[in-house]
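Below is a protein model, shown with its sequence.

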Amino acid sequence: PMRKPEARTVITFHTTAEAMAAERLFRALELPGKLITVPRKLSSDCGLAWSAPAETGPQAEEALRQRSLGFDGVYAMEL
């Protein structure tokens with residue numbers, strides 16, 4: 001059976017290095033989520049994106065901004 005799509009926050013990055021730095025940060029902060037390939041609906045210079053539960057999106061974005069870690073965009077999606 002196919003699983004039901006769920007609301008997710010997807011954060012895209014300009015570079016693989018940014019994606020990896022974000023993953024390290026989110027793991028250190030114990031934020032749920034994982035690196036995924038960028039969904040077809042989005043475009044990104046780097047092929048990686050962070051997918052997190054929708055409710056943790058604002059916290060993840062704020063953590064990136066506070067540490068001046070680069071990212072491309074933040075999207076609310078059903079995945």
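The questions and answers below go from the whole chain to single residues.

Author: This is a predicted model, in which local features need pLDDT of at least 70, side-chain atom pairs count only at pLDDT 80 or more, and totals for chains, interfaces and linings use all residues. Residues are numbered from 1 along each chain as its sequence is written, and side-chain values use heavy atoms, with hydrogens and water left out.

Reader: In what order do the elements of the protein run from the N terminus on?
Author: Helices (H or I, at least four residues) and strands (E, at least two) are DSSP runs, numbered from the N terminus. The protein has 2 helices and 4 strands. From the N terminus on, the order is β-α-β-β-α-β.

Reader: What is the radius of gyration of the protein, beside what the globule rule gives for 79 residues?
Author: The radius is taken over C-alpha atoms, and the globule rule is 2.2 Å times the number of residues to the power 0.38. The C-alpha atoms fill a box of roughly 40 × 25 × 15 Å along the principal axes. The protein is as compact as a globular protein of that length, because the rule gives 12 Å and the radius of gyration is close to this, at 12 Å.

Reader: Among contacts between residues at least 6 apart in sequence, what percentage join residues at least 24 apart?
Author: Contact means heavy atoms within 4.5 Å. Among contacts between residues at least 6 apart in sequence, the part that joins residues at least 24 apart is 74%.

Reader: At what angle do helix H1 and helix H2 pack?
Author: Two packed helices are described by the angle between their axes and the distance between the axes. Axes are lines fitted to C-alpha atoms, for helices over the stretch in contact, and angles run from 0 to 180 degrees between N-to-C directions. Helix H1 (residues 16–28) and helix H2 (residues 57–66) have axes 11 Å apart, and their packing angle is about 115 degrees.

Reader: Which residues in H1 meet which residues in H2?
Author: By class, this contact has 6 nonpolar, no polar and no charged residues; Ala, Val, Leu, Ile, Met, Phe, Trp, Tyr, Cys and Pro count as nonpolar, Asp, Glu, Lys and Arg as charged, and the others, Gly among them, as polar. On the H1 side are Ala22, Leu25 and Phe26, and they meet, in H2, Ala60, Ala63 and Leu64.

Reader: Why does Thr12 count as buried?
Author: Buried means under 20% relative accessible area, exposed over 50%, and partly exposed in between (1.4 Å probe, protein chains only). Thr12 is in strand E1 (residues 7–12), and beyond four places in sequence its contacts include Val38, Leu42, Ala49, Phe71 and Tyr75. Thr12 counts as buried because its relative accessibility is 0%.

Reader: How far apart in space are Ala49 and Gly73, C-alpha to C-alpha?
Author: Ala49 is in strand E3 and is buried, at 0% relative accessibility. Not counting residues up to four places away in sequence, Ala49 touches Val10, Ile11, Thr12, Phe13, Lys34, Leu35, Ile36 and Val38. Ala49 and Gly73 are 24 residues apart in sequence, and their C-alpha distance is 9.5 Å.

Reader: Which side chain does a polar contact of 3.0 Å join to that of Ser51?
Author: Ser51 lies in strand E3 (residues 48–53) and counts as buried, at 4% relative accessibility. A polar contact is a pair of N or O atoms within 3.5 Å; within protein, one must be able to donate a hydrogen and the other to accept it, and residues adjacent in sequence count only if both atoms are side-chain atoms. The side chain joined to that of Ser51 at 3.0 Å belongs to Arg8.

Reader: How far apart in space are Ser44 and Ser68, C-alpha to C-alpha?
Author: Ser44 is in the loop between strand E2 (34–37) and E3 and is partly exposed, at 23% relative accessibility. Ser68 is in the loop between H2 and strand E4 (73–78) and is exposed, with a relative accessible area of 67%. Ser44 and Ser68 are 24 residues apart in sequence, and their C-alpha distance is 19 Å.

Reader: What is the phi of Glu30?
Author: Glu30 lies in the loop between H1 and E2 and is exposed, with a relative accessible area of 70%. Although Glu30 is not a glycine, its phi is positive, at about 60 degrees.
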